[in-house]
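Me: I would like to work through a protein chain by asking about its parts in turn. Could you show me the sequence and the structure to begin with?

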Amino acid sequence: MFHKEGFKIILTTFFITAGLALFAHFFIDIFWLQKLIQVLALVLLILVLQFFRNPKRITQKNDNQIIAPVDGKVVVIEEVEEKEYFKDRRLQVSIFMSPINVHVTRYALGGKVVFSKYHPGKYLVAWHPKASEENERTTVVVENQVFGKVLYRQIAGALAKRIVNYAKEGDTAVQGADAGFIKFGSRVDLYLPLDTKINVELGQTVKGGIDVIAEK
């Protein structure tokens with residue numbers, strides 16, 4: 001299954017791949033060069049297909065738990081000052097996605113979307129300390145009865161050139177449901193209440209919609 005955000009790119013890449021393969025077959029007489037072009041074209045198609053894959057995930061919904069919003073590696077766990085919305089201290093958990101990870105963003109908790117804002121910006125590498133404040137990003141806040149308000153931020157990386165965010169103020173967020181997509185490398189930050197119990201460690205690989213990040 002592929003994400004709908006990739007349909008146009010997948011179709012375009014398919015035609016490019018087919019065109020290169022046919023060009024090499026009919027117009028390149030050097031055998032090794034012909035095969036090299038065809039193989040590289042096929043590799044390009046495979047990379048695009050794997051990037052836009054959207055595996056079905058069955059989320060065990062639980063209002064007392066925060067699940068991973070994306071696939072990737074936990075790169076930050078620390079207490080920080082959240083400057084945009086809360087303007088107070090929060091526990092930040094950041095997950096970095098490489099180009100080979102699934103890039104679907106899923107709701108980390110169920111509740112009501114009370115804030116959603118897009119910010120244009122730079123394309124610093126996703127692990128840069130200033131990426132969460134200077135890169136292209138979206139900020140979404142979901143509120144439920146257990147955690148109160150939880151903020152998550154989609155952050156574009158050096159390769160990501162478009163963030164897709166489906167969350168709109170007033171929407172009902174369903175834990176594990178599709179909340180957006182980030183194209184070609186990125187990061188997602190979670191900002192949690194200080195009394196939240198963190199269930200992951202730095203360097204841990206997590207799976208979106210499945211692994212429990214934190215709980216109360």
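The questions and answers that follow go from a helix to a loop.

Reply: This is a predicted model, in which local features need pLDDT of at least 70 and side-chain atom pairs count only at pLDDT 80 or more, while totals for chains, interfaces and linings use all residues. Residues are numbered from 1 along each chain as its sequence is written, and side-chain values use heavy atoms, with hydrogens and water left out.

Me: Which residues of α2 are buried, and which elements do they pack against?

Reply: Helices (H or I, at least four residues) and strands (E, at least two) are DSSP runs, numbered from the N terminus, and buried means under 20% relative accessible area, exposed over 50% and partly exposed in between, with a 1.4 Å probe and protein chains only. In α2, the buried residues are Gln34, Gln38, Ala41, Leu45, Val48 and Phe51. Seen down the axis of α2, these fall within an arc of 160° (taken from the directions from the helix axis to the C-beta atoms), so they line one face of the helix. Their packing partners are α1 (7-27) and β10 (178-183).

Me: Where is Lys87 found, and what is its phi near?

Reply: Lys87 is exposed, with a relative accessible area of 54%. Lys87 belongs to the loop between β2 (72-82) and β3 (88-97). Its phi is positive, in a residue other than glycine, and lies near 55°.

Technical notes. Contact means heavy atoms within 4.5 Å.
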